[in-house]
Amino acid sequence: MVNDVNAPTTMTPWAFYPKNADVKMLNGPRFDQDANRVFKMSADKFESIKNDPNALGIVVSRFINRHFTHQLKRILTMQRYYIGVNDIKFRQSGKATNRADNRIANEMPKYITNMRVGYTFGNPIRFQYNDDSSQTDTNRDEVNTAIDEFNQRTNEAYHEKVMKKICL
């Protein structure tokens, strides 16, 4: 990476950059087979442990541990791709230091992600009280006003977009 003045050595504050190692590309799966797995808890299991904080804590700890061991590497790699630091920047080209290194890292992941988030949340999600079972509910307007005020204070539309970007 001697030829590149913007080489990742100037960007090392983030822990998700490869550590002085050549990134292996296109020789087998890059991530664990559970990297894209959706971890769920059955409703029956939740019903049986929802009132026991110790049992619920054990299950939550298992979910967090599985996320950390199986999914975090893929998520951090995708985050690097999003900010334009692709694996091609870390791959050793084998060229002499005085030769041109014409590899190009593109920003397509960022473009694709931003387009999908824009299509999904171009109009923000609307939160409102909606209980059709009681037509005589007099607090409906008060609840809707409280929800709107809370969403404005917490910038809910922004957080929805950030969560969607992370989920892609």
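**Salt bridge, loop and surface patch**

Glu47 is partly exposed, with a relative accessible area of 48%; partly exposed denotes values between buried (under 20%) and exposed (over 50%), with a 1.4 Å probe and protein chains only. The structure is a predicted model, in which local features need pLDDT of at least 70 and side-chain atom pairs count only at pLDDT 80 or more, while totals for chains, interfaces and linings use all residues. Residues are numbered from 1 along each chain as its sequence is written, and side-chain values use heavy atoms, with hydrogens and water left out.

Glu47 forms a salt bridge with Lys50, and the closest N and O atoms of the pair are 3.2 Å apart. A salt bridge is defined as a side-chain nitrogen of Lys or Arg within 4 Å of a carboxyl oxygen of Asp or Glu. The count under this rule is 1 salt bridge. Lys50 is also partly exposed, at 37% relative accessibility.

Arg91 is located in the loop between α2 (53-82) and α3 (108-121); helices are DSSP runs (H or I) of at least four residues, numbered from the N terminus. Arg91 has a relative accessible area of 34% and is therefore partly exposed. Between Arg91 and Arg103, 12 residues apart in sequence, the C-alpha to C-alpha distance is 9.9 Å.

Met108 belongs to helix α3 and is partly exposed at 42% relative accessibility. Together with Tyr111, Ile112, Met115 and Tyr119, Met108 forms a nonpolar surface patch with about 560 Å² of accessible area. Such a patch joins nonpolar side chains (Val, Leu, Ile, Met, Phe, Trp, Tyr) within 5 Å, from residues with over 30% relative accessible area and no salt bridge; accessible areas come from the Shrake-Rupley method with a 1.4 Å probe.

Conventions:
Helices (H or I, at least four residues) and strands (E, at least two) are DSSP runs, numbered from the N terminus. Patches are made of residues with over 30% relative accessible area and no salt bridge: like charges are joined within 9 Å, nonpolar side chains (Val, Leu, Ile, Met, Phe, Trp, Tyr) within 5 Å.
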